[in-house]
Amino acid sequence: MEEITQKRQLAAIMFTDIVGYTALMGKDTDKALELIRISKEIQKPLVEKHNGRWLKEMGDGSLSSFNSALDAVNCSIEIQEIARGKLDAKLRIGIHLGDVTVEQDDVYGDGVNVASRLESIADPGGIYISESIEKAIKGQTDIQAKYLGEAKLKNVDYGVRTYALQGVGLPIPEVKDGEELSGHFIAELQRRGVPRAGATYVVLSLLLILLVPYAKSLVDLPLWSTTALLTVLIVGLPIALYLAWNYEQSPEGFVRTSSKESWQNPYKGSQKKPLTSNFVIVGLILVIIAMYLYPRYAGNSTKDARAGAETISNSVMAVFPFTIHGGDELNYLKEGMAKLLITKLDGAGELRCVNFHSLPGVINRKADSYDDPEINSQVARRFGAGIFIIGDIVQAGIKIQINAIAYSTQDGKEIGSGSVEGEVVVIFELVDDLAAQLLSDLNPDSDIRVQRIAAVTTSSLQAYKDYLRGERALRQGQFQLSVDAFKNAINEDSLFALAYYRLSIAAEWNLEGELARQTAEKALLHASRLSDRDRQLLEAFLLRTSGANEEAERLYRSILASYPHDIEVWMDLGEIMNHAYPLRGRSFVESRVVLKRILSYDPDHWGSLIHLARVSAFESNTEELDSIVDKFISLHPQENRELEILALQAFYKNDENEQEQMIEKLRRSSDLSLALGIWNISVYARNFEGAKRVGRLLADENRSVEGRTLAHAWLAHLHLVNGHWQMAMEEIEAMAAFSPGEALEYQALLYSLPFLPQGFVNLEVTKDQLENLDPSTIPNSNSTFIVFNAHNDLHPLIRTYLLGLINAKLGQADLALQQADQLEQLDAGPGTLGVDLALCINAQIAIEENRTQEALSILEQTRAHIWYGQTMASPYYSYAYERFIRAELLFELGRYHEALPWYEYLTEISPFELVYLPISHLRRGQIYEQLGQTENARSHYARFIELWKDSDSDFQFMVKMAEKNLQALQNGEVSK
């Protein structure tokens with residue numbers, strides 16, 4: 001006799017049952033038996049597909065076991081999905097994870113009993129699971145379960161916390177009294193977000209009540225105002241709770257929480273904001289903000305008397321330009337003396353000085369005198385300063401006398417002073433003495449010791465003069481003049497750390513990336529000669545130029561905690577948001593808030609103006625763009641940047657006369673001006689034909705080789721925006737006539753585009769050509785501008801990457817892996833480009849082998865530590881391919897809400913990205929259609945069709961598909 005073996009194990013048990021089977025058996029036996037047959041045909045293969053065991057059938061029911069709770073849940077969802085289409089009845093399903101006894105092909109135990117009882121109380125077509133299953137699948141973003149309460153199940157001695165799976169096609173639970181589901185009302189309160197809405201309402205109401213005394217100190221409110229506010233808040237609470245109970249946020253907008261749309265809502269709990277949050281609570285926040293901002297904008301008298309009552313600090317000081325009484329040869333000390341005092345006093349004890357670069361925009365720059373205490377007091381308070389200093393320098397023969405007075409911004413009283421006399425050549429020693437006198441008056445009980453000013457600046461008066469000249473040029477947008485002046489300062493004093501650092505800033509704006517990095521590293525070598533604040537800024541700058549943008553952003557925000565009104569820090573933060581956010585799946589448009597803040601301090605800040613102009617054009621804000629351009633041009637910045645902004649405006653407005661005039665100006669301009677024009681016109685104005693016109697100017701045979709190379713590369717990508725493959729290849733052929741190596745690189749890159757029809761290009765031929773390419777034969781660009789030299793010394797890496805990508809696409813995984821390993825060893829300069837491109841090859845291998853989730857996990861490891869200046873001029877540094885593939889993988893996995901921002905913000909950095917613009921519209925159309933957002937879907941389908949309506953015949957099948965989907969939506973259908 002065969003021995004019967006038993007063992008105990010943890011298993012996920014699934015019970016299924018046909019609803020109404022017993023009644024049907026009494027009426028129509030044949031139909032009932034047919035239902036059982038079809039049900040088994042549906043369920044058994046799916047159980048095996050999801051790694052389960054089909055154990056037995058019990059009349060119209062079935063019992064299966066799984067080693068994984070997730071497998072059991074995925075199987076149940078698929079069973080219900082197929083049953084809805086094939087089975088002329090509904091199934092109930094119950095699942096429980098518990099300890100069971102396994103005996104041959106059967107299981108017993110409490111775990112089986114719980115699953116069976118959960119199935120018996122499930123809704124027709126529904127799936128009920130126990131808490132043990134819910135905990136096991138909690139990390140799955142695409143599966144949601146809602147708590148129903150604690151069920152008292154037959155023959156189960158304890159309460160079972162019960163959940164219902166939620167999703168498309170699954171029913172809303174109908175809780176019946178007989179089921180004894182205790183705690184259901186509390187569960188419903190939680191599901192509908194009522195406790196969260198109520199708590200938020202109460203907290204914000206209390207905050208509003210606490211602000212009433214503050215408001216009364218600013219505005220004469222009537223005596224009954226507090227009572228009225230309390231009444232409104234008390235009456236508003238039940239309204240808030242009612243709205244939260246009945247409505248929630250979904251992709252279709254606000255829906256009733258008792259509706260099918262609510263039950264099938266794909267949003268997570270944190271995303272399902274109750275209607276309360278979006279109306280009542282937001283209203284309260286607006287009231288709070290209004291009360292806070294009122295004293296700043298209600299009028300000059302109120303603002304000047306009370307503004308920033310809680311933000312003015314006596315540890316913050318503003319130092320204004322000094323007034324000069326004497327010859328013009330001392331004019332450099334107007335700003336120079338203020339800068340020296342700031343460098344000396346900032347960080348002395350608790351003292352913090354407003355960055356001098358923040359001040360010129362709020363004072364009259366053309367003034368001969370800055371000694372009006374009333375005006376200066378208003379300006380100082382605007383920057384949170386409780387103290388401000390004004391002073392003058394009087395020339396008497398070969399000597400000068402420097403006088404400075406410190407005032408309180410609260411009452412305008414003098415609180416300290418200093419006066420020193422000596423020859424100009426000992427100016428640094430004079431500043432030391434003057435600062436010591438001021439500190440003695442401001443804090444007589446403290447023994448504050450600070451470094452000599454020469455130790456944190458320079459001991460060379462000529463170097464300091466050149467430094468100040470560089471600062472003035474930089475502030476006016478004259479980058480080349482600024483670079484030259486800072487270089488002169490360094491030639492006078494090779495240890496002048498501040499001049500090195502400021503030269504790196506000027507070089508960055510002059511698009512000289514290598515110079516910017518080199519001089520920043522030189523500044524780091526002499527960092528002991530920098531003030532604490534400048535050392536922090538240098539550290540953040542080095543992080544930014546190495547591409548560690550997230551770390552740099554954290555450091556800049558940390559600096560702002562101590563210097564909240566520092567324009568320079570805000571501008572550096574804006575640079576990161578403007579140029580690096582798209583690398584993280586965010587939009588450069590987020591920089592608008594920062595740029596507007598800078599302009600509120602300094603309306604003439606050219607850096608903010610040029611960035612905000614791009615944002616305005618991108619957002620189609622014509623009025624704002626025109627205003628910004630007028631202001632920008634009035635500042636007379638460097639010609640390259642002036643032509644850049646004028647080209648953006650002319651081609652955004654699509655005015656033929658303005659465009660013709662602009663073309664003539666650009667025709668006579670430098671290669672750099674043309675490149676900047678193409679970039680702005682294509683990426684921000686979205687005028688692709690205009691960008692091509694300017695591109696043909698740069699491709700002229702009389703232009704530099706590097707300019708022509710970039711022009712043909714950009715033109716090829718711009719042709720593909722309209723699906724013109726043959727025209728793109730003609731640009732590559734034209735490039736090959738004078739730069740064959742780079743032409744082959746760009747050809748291979750275009751041949752690797754992921755959306756090309758299968759078999760469209762012969763990758764084997766391109767692979768052979770790349771293998772025969774000697775990257776050392778491709779000369780480096782002699783240009784100092786990053787726009788033209790981004791690929792200097794990078795061609796060995798580019799060749800290896802392209803070979804790896806092509807081998808992966810050809811299914812030659814071993815070769816591709818070898819090239820990925822080589823990439824990690826090759827020198828890619830600062831940043832993580834080599835490692836990231838290796839990850840891209842590994843991801844492509846996984847894609848070819850249908851390992852979608854693994855491919856996405858690999859791409860998510862990329863860090864994109866790239867200096868933003870390189871992203872504009874290089875398809876590799878812009879990570880366009882990698883970001884598009886990431887979006888495609890999310891799309892394929894059905895993670896639509898995660899995919900959308902990667903598609904939407906894919907084309908905000910470089911003309912090289914624009915090749916993906918049409919497909920990104922197509923995908924967004926498909927996603928919004930799946931989400932039921934018909935209007936958005938129609939808009940994106942129409943945009944794709946418009947871009948590719950005249951595309952080459954090989955691409956027309958995608959156009960026809962989009963047209964079919966669009967027509968279906970217009971007819972009220974959903975395309976398949």
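Guide: Buried means under 20% relative accessible area, with exposed over 50% and partly exposed in between (1.4 Å probe, protein chains only). The model here is predicted: local features need pLDDT of at least 70, side-chain atom pairs count only at pLDDT 80 or more, and totals for chains, interfaces and linings use all residues. Residues are numbered from 1 along each chain as its sequence is written, and side-chain values use heavy atoms, leaving out hydrogens and water.

Visitor: What makes strand S7 largely enclosed by the rest of the structure?

Guide: Seven of the eight residues of S7 (residues 144-151) are buried, so the strand is largely enclosed. A strand here is a DSSP run of E of at least two residues, and a helix is one of H or I of at least four, both numbered from the N terminus.

Visitor: Why are S7 and strand S8 said to pair?

Guide: Pairing asks for at least two DSSP bridges between two strands. S7 and S8 (residues 160-166) have seven, in the antiparallel sense, so they count as paired. Ala151 stands opposite Val160 in S8.

Visitor: How many residues line the second largest pocket, and which lie nearest its centre?

Guide: There are 27 lining residues, with Pro754, Phe755, Leu756, Lys809 and Glu848 nearest the centre. Helix H39 gives the largest share, five residues.

Visitor: How do the lining residues divide into nonpolar, polar and charged?

Guide: They divide into 18 nonpolar, four polar and five charged. Ala, Val, Leu, Ile, Met, Phe, Trp, Tyr, Cys and Pro count as nonpolar, Asp, Glu, Lys and Arg as charged, and the others, Gly among them, as polar.

Key
On a 1 Å grid over the protein atoms alone, a cavity is a set of points where a 1.4 Å probe fits but cannot get out, and a pocket is an open set with protein on both sides within 12 Å along at least five of seven lines; lining residues have an atom within 4 Å of a point.
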